[in-house]
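I opened a new structure today and kept notes as I went. These are my entries, in the order I looked things up.

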Amino acid sequence: MKKQRALSFKTTTTTAYFFLAPALSAIFIFFFIPVIAAFIISFTDFDIYTLGNFSTLRLIGFDNYVKLFSDDLFWTALGNTFYFVVVAGPLSIAVSLTAALLLNSKLVKFKSLFRLAYFLPVVTTLVAVAIVWRFIYHPNFGILNFFLGLIGINPIDWLGDPDWAMPSIILLAVWKNFGYNMIIFIAGLQNIPEELYEAADIVGANAFQKFKHITLPMLAPTTIFVSIITMIGYFQLFAEPYVMTQGGPLNKTLSIVQYMYQEGFRWWNMGYSASIAFVLFIIIFIGTLIQFKVQKLSK
Amino acid sequence: MKKIILHIVLIFVAVITLIPFLWMISASLMYDGHASVFPPRFIPDEFTLMQYERLFERLSIARNFINSLVLSILVTIISLTLNSMAGFAFAKYRFRGKDKLFNLLLSSMIIPAQVTMLPLFLMLKWMGFINTYMAIIIPGLANIFGIFLIRQYCISIPDSLIEAARIDGANDFLIYRKIILPLLTPVLATLAIFNFLGTWNDFLWPLIVMTDDSMYTLPVALANLMLEHTKDPELMMAGSVLTILPVIIVFLALQKYYMKGLMIGSVKE
């Protein structure tokens, strides 16, 4: 963080707190306190009876977390979510980077028009596009099977087949999100000094060598940033399976957040649900740490 | 040659990103059952607005549309006010614990919102705000990303402007209001789009706190409709158009600011 010149007045502290108070109290009361409360609730048996009569609440130590370990449905949700993150994450980033490299080429005409088209899915409402894709994936009338049929591929029951349901959701996620990271990659590409490529031309490097020895290393900080935000977002998978498959078929698309939602807000097992939320947090936290470590090592 | 291949690839990708939207619009203008045929129709053989009429007349989607619109605008205005005040303070004042506080805020951005949802729900229930606009406004009052973005931008405003105003006798609030806010316009525009789109598109939280059909936001109403009308693609596409169109309009009108904000947000060290 850069040191900036600040005003030096005796009253600055009071005035600063005046400006900070509204936002910080809102964040404190409606964000930090709930985080702490969720932590405490995850060690209690908070359920539908507690909602009616608060005195039934008991501290049960690590029982919720222990129960999670032997809960098959939780492991299924965890496995599905990892499947989604591990496949959709790198795939999205690869597509974003490719699109950024193509669009960054000096040969491209109507650059901003293409950029806009690629970015459009990002801003649109996830629930609405998930509904659109649900019909695109329709086994008999969907346009995806129609196009695949033109090149001789037999119809696939995208959302009904347990093996295809998650790949279908991944495809939707890549389509929806690649434009976001693409814009960040374009910004990163434009920050690479032109002289590096000129120097490479002098020593006779080919396009692939330039990509490997200049573009990729220079983009490393951008790539780490993009990987972290993509991972955090993807671990929170919820709306796509909620709208398209309701977690099915055979729980093959049930995600952690969906399981948390069901336990907490459908069955009102709030203690248990809070422990699921915390496991999600810990996973995201560890994932972020690992990516920061990778960045340090690669330097 | 290279140039032609490049453009063919780019156009192919653009077609893939746009086809779902084009099909959505086209199917929303079809009569019942016309989107459930093989081979699929890409253009309606007969145009009709009946799906939209159904949405408004029988399913009173106007109410949900208004909920989404009012909430998105309210959350945007309130959070811009609170965030800009806090961002200004972090950028231009020196006070005890400033760096610690700012770093605490930044590092807590990693906590997923889902963690706070259960206690927040209980708090709002206790305050009697479940199934009211307040349930969505309260968690959106201020956000850390917004404060961060405004601070980054505000730092570049020269101190001399502020000092000059102070010598002229302006108090700090006046300085914020008359000097800082106008200079922050570009970043405020960026954040306004982020907040508006974020509130409009949000699904999980409104799904939790809105319990009546009449209080649903558009995405919740749409998801609910989907569960009952699995076999009505034409109707569902009309609902999707209604949900997506305002977002696309806001984005296209202000995309310059949106793209810029994305780039400021990504260069934090």
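**Ground rules.** I am working with a predicted model, where local features need pLDDT of at least 70, side-chain atom pairs count only at pLDDT 80 or more, and totals for chains, interfaces and linings use all residues. Residues are numbered from 1 along each chain as its sequence is written, while chains are lettered from A and ligands numbered from 1 in the order in which they are written.

**Chain B overall.** I looked up the secondary structure first. Chain B has 13 helices and zero strands. Helices here are DSSP runs (H or I, at least four residues), strands are runs of E of at least two, and both are numbered from the N terminus. I then took the box around the C-alpha atoms of chain B, which is roughly 75 × 65 × 35 Å along the principal axes.

Next came burial. I call a residue buried if 20 or more other C-beta atoms lie within 10 Å of its own, exposed if 12 or fewer, and partly exposed in between, with C-beta atoms placed from the backbone. Of the 269 residues of chain B, 44% count as buried.

I also checked contacts (C-beta atoms, placed from the backbone, within 7 Å). Among those in chain B between residues at least 6 apart in sequence, 75% join residues at least 24 apart.

**Helix α7 of chain B.** I picked out residues 144-155, which form helix α7 of chain B. This helix has twelve residues and reaches 17 Å from its first C-alpha to its last, close to the expected 16 Å. The expected span is 1.5 Å times one less than the number of residues. Nine of the twelve residues of α7(B) are buried, so the helix is largely enclosed by the rest of the structure. Among them are Ile144(B), Phe148(B), Arg151(B) and Cys154(B).

Is Val75(B) buried or exposed? I found 24 other C-beta atoms within 10 Å, so Val75(B) is buried. Val75(B) lies in helix α3 (residues 61-92) of chain B. Leaving out residues up to four places away in sequence, Val75(B) touches Ile136(B), Ile137(B), Gly140(B), Asn195(B) and Thr199(B).

I then turned to Val250(B), in helix α13 (residues 233-266) of chain B. Val250(B) is partly exposed, because it has 18 other C-beta atoms within 10 Å. Beyond its neighbours within four places in sequence, Val250(B) is in contact with Ile193(B), Phe196(B) and Leu197(B).

**Where the chains meet.** I counted both sides of the contact: 76 residues from chain A and 75 residues from chain B. On the chain A side, helix α1 (residues 12-41) gives the largest share, 19 residues. That side has 62 nonpolar, 13 polar and one charged residues. For these classes, Ala, Val, Leu, Ile, Met, Phe, Trp, Tyr, Cys and Pro count as nonpolar, Asp, Glu, Lys and Arg as charged, and the others, Gly among them, as polar.

**One helix pair across the contact.** I looked at helix α6 (residues 126-136) of chain A and helix α12 (residues 218-228) of chain B, whose axes come within 9 Å and cross at roughly 25°. The axes are lines fitted to C-alpha atoms over the stretch in contact, and angles run from 0 to 180 degrees between N-to-C directions. That angle makes α6(A) roughly parallel to α12(B); the cut-offs are under 35 degrees for roughly parallel, over 145 for roughly antiparallel, 65 to 115 for roughly perpendicular, and oblique for the rest.

Which residues meet here? Val127(A), Ala128(A) and Ile131(A) in α6(A) meet Pro219(B), Leu222(B), Ala223(B) and Met226(B) in α12(B). By class, this contact has seven nonpolar, no polar and no charged residues.

Note on methods:
Contact = placed C-beta atoms within 7 Å.
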